[in-house]
Each structure stands twice: as structure tokens, then as C-alpha cells.
Amino acid sequence: METDSRAYIDGYIERARKAQAVFEKMSQKEVDAAVKAVGKVVYDNAEYLAEIAVEETGMGNVPDKIAKNRQKSKIVWNNLRGKKSRGILDTDETTGITRIAKPVGVVAAITPCTNPIVTPMSNTMFALKCGNAIIITPHHKSIKCSTRTVEMINAELAKLGMPENLVQILDEHSRENTRNLISSADVVVATGGGGMVSAAYSSGRPALGVGAGNVQCIIDENYDYKEAVPKIITGRTFDYGIICSGEQSVICPEKDFDAIMKEFESNGGYIVRDKDELEKVRGALFQDGKPNRHSVGQSCRKVAELAGIDIPEDTRIIVVEAEGTGLTDPLGGEKMAPVIAAYKYDTLADGVQIARENLEKEGKGHSVSFHSDSEEHIEYVGNELCVSRFVINQVCASSAGGSFYNGLAPTNTLGCGSWGHNSISENLDYKHLMNVSRIARYMPDNYVPSDEELWG
């Protein structure tokens, strides 16, 4: 019943507010110790947490999840350590403004089954960094592994003397409970499907949600495709293709298309050339235009079984030449398995148009991967396509969410701006869970221009 759900959630909110009132008075050093502990427990238990995530969700694979647990915990903590997030941040001598960091309060975080360990981890690290409490509601397919992660986090926070219930996770799951949680918290962070993100934005509370991924990967004219192809394969196959920032389509210069396909083959790719096989793969990935749940996060072998085709035992990636962009062929959209759509272009402008149409179908605002040595072409692609991040000459799956080797904020929640119906067009970071007070001083010596200077 609604009244029972409301009372249930009120209990969580009350406990969180009590814990947050104590935590917000703690020093920067104490806060940072708590943040570090959250990342460290995931790093130290990467193998165990990866195993229980695959066991429960049935998606992805253990080696890649181990790598993700280790790498994300490292880069998120590296980005947060040493950064001031409590008390006076700075004073601008020119403007006379002093900025003071304050908590937002209680954060509600909706987390997905595709990232059931690292998303609760990073959301918790961002929340605690700014003196907030957090309540997590996980996807129903990942309740056990996400709950176990929070239990391990809380065990470490208890050792540091942190207030009880600073980090909570719902132990009863229903749409009513999630709806009541997000309408009661101070800020909502939503990572997952479009319906859930829309619900977060309709909660009546400030919300930070993300849009769908459909990363378009363009290989520039005259770029060394032998450098690009292994990176593209690594990104598309990582965790069996369930990462939102994973490469989805490879858009190639027509003059090099056949050679690029051979390069895919030499790196474990199976090229679908037969029209009948193409139909079978499309049917294995999509049903009535929507992703086939039986193929999500599955290996090439499993996808081939669903499609009823034979592929070599050592196949790493299935490459299909789509019969149109996402506007007419679902293969141009997001594919939650290690299958990539291939396209050929005459001019770079034609390649950009292919990417644009695929993004119009799905993934507008998210990310584009571009392999190029030309700064002119990089800026051209950056100007032409409406996405929030362009990843250059990198594995997009492991770089769009931040990396030691680029300047993007490390996260598991990638905003897509108004293009993806999101409130932010950047990677979610701790600063998004911080209120800032500003002291504005009277500056009598400031220069005031005359009307003639302003308007003349």
C-alpha cells in the first residue's frame, strides 16, 4: 500500500538526515578518509564483487568486471583526493567573492544492473565527498550484489567511526518505494534506462540523469586503421558490450573499407557478409525494434547461437554491414552485445552524416569516438555532432567515463545535455552534489563605465 511505502521510505530519510547532520560537521580530512575507504573496499575486493555481479545479473564477464572495479575505484579516488569540498573553497580577489561548500543533504541514487558495483561506489564517493548522506535503490536484477557492496562499504566506514546509516540501500524493492524515495530526497542521481531517468526528472526534486548511449566511431581518412581497429574491438567487446560508452558503429573511409574489415578479421572478428546471416543476427539482437533481453551482455558465441549461425570458436566480435542508418535499420542503434555495425563513407562529411543519423535514432548527446591525426578534422567533427564528449584515439568504453590519460571527470554517470533530455552535458562529479554559498563584498573601487562607453 502507498501509506506503507511512504512510512518505509520516511524511515530511510529520517535515518539519513540524522547521519548527515553529524557527517557534515566532520573535517575535510575525515570526509576524505571516508571517501577513500569506499573506493578501496571495491578495489580490494574486485574479484569477489565481479563474480557475484555476473552470477546474479547473467550479463558481462568476470575478467572485465574485475578490471572495471579496479580501474574505476582508482581513477575516481585519484580525481577526488586533495580537492577541497568542505568549508571555504576560495576567494576571488578580483570579484571579492568567497565560495563556501555546503552539502546538498540526502542523495537518492538509482543504479543499473549493467554497472551494479561501480555505480553505487562512485555515487557514494561523490556524495560523501561533499558531506552528504546517500540512499541507493538498485536495479531489481542486481539487488544482491549491490547490497553486498554497500554492506562492505559500511563495514569500512564503521571502522573509521562514521555515523551509522550514512550509506543505505533499500531492502524492499518496488516502483512505489523508488517513487517515494526520489520524491523525498534532496537530490536524485539516476543511472539506467530512459523510463527510470524520466521518472527521476518528474520527481519534484533536482535530478541528475543520463541518456542512452550509441557511440559512433569514425576512422578518419588516411589514419592508420591498424592502430584504430584493436582499440575499437577492445571497447566494443568490453564486458560483452553492456557499457553505455562502448563503441557501437565503425564508420570507415570507403577506399579502406575492405582492408579495415580484414583487420577486424585478423583481430578475432567475424564479418557477416551473407544477407541471410545479417537478418539472423539482427533478429538475435532485436525483437520488434527493441533489444532482445536474451542477447544483452552475452558473448559472441551466445549471440551466434541465438542467431542460428556458425562462427569460429575464438571470435571476439561480430561485424555487420548495416543496410542503412539507425533511421531505417535497428543495427544503427545501441547493441548490448559484442556486435558492431560497419559503414563506409566517401568524404568525412558523409561519415559525419551517418553518425548524425544514427545518433538521431539513439544516443544523441552521449559520446563520439574519433580516430584522427588531423586537428582540423577533430575540430570539424566536434563542431558538427551534438554529443557531450568526443574521445580521440582512445578506447571509448574505458575513456569516456574518465581516464588517467584524458581530462574527463572519472565517473559512471555520463550526462548527455538537453540532447539526451539531461540536466548536465558532462560527466557527473562530486561538484554536482555540492551547494555553494557566495559571500559578495562591497567593492567601492570597481570601475563603472559611462553610458557613452556602454552604448556609444
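His421 sits in the loop that runs between helix H15 (396–399) and strand S17 (434–440). In this predicted model, His421 has a positive phi of about 60 degrees, even though the residue is not a glycine. His421 comes out at 67% relative accessibility, and because the cut-off for exposed is over 50%, His421 counts as exposed.

Asp239 is another non-glycine residue with a positive phi, here of about 55 degrees. Its place is also a loop, the one between helix H9 (225–237) and strand S9 (247–253). The solvent picture is another matter: Asp239 has 0% relative accessibility and so counts as buried, whereas His421, at 67%, counts as exposed.

Now for the packing. The largest nonpolar core holds 66 residues, and the members that touch the most others are Phe23, Leu80, Met125, Leu128, Ile135, Leu157 and Leu433. As for where the core comes from, helix H1 (residues 2–23) gives the most to it, namely seven residues.

Leaving aside residues up to four places away in sequence, Ile135 touches Tyr12, Ile13 and Ala16, then the run of Val106, Val107, Ala108 and Ala109, and finally Gln168, Leu170 and Leu181. Apart from all this there is a second, separate core, made up of 35 residues, with Leu278, Ile311, Val320 and Ile354 among them.

Technical notes. Residues are numbered from 1 along each chain as its sequence is written. This is a predicted model: local features need pLDDT of at least 70, side-chain atom pairs count only at pLDDT 80 or more; totals for chains, interfaces and linings use all residues. Side-chain values use heavy atoms; hydrogens and water are left out. Helices (H or I, at least four residues) and strands (E, at least two) are DSSP runs, numbered from the N terminus. Buried means under 20% relative accessible area, exposed over 50%, partly exposed in between (1.4 Å probe, protein chains only). A nonpolar core is a set of buried Ala, Val, Leu, Ile, Met, Phe, Trp, Tyr and Cys residues joined through side-chain atoms within 4.5 Å. Contact means heavy atoms within 4.5 Å.
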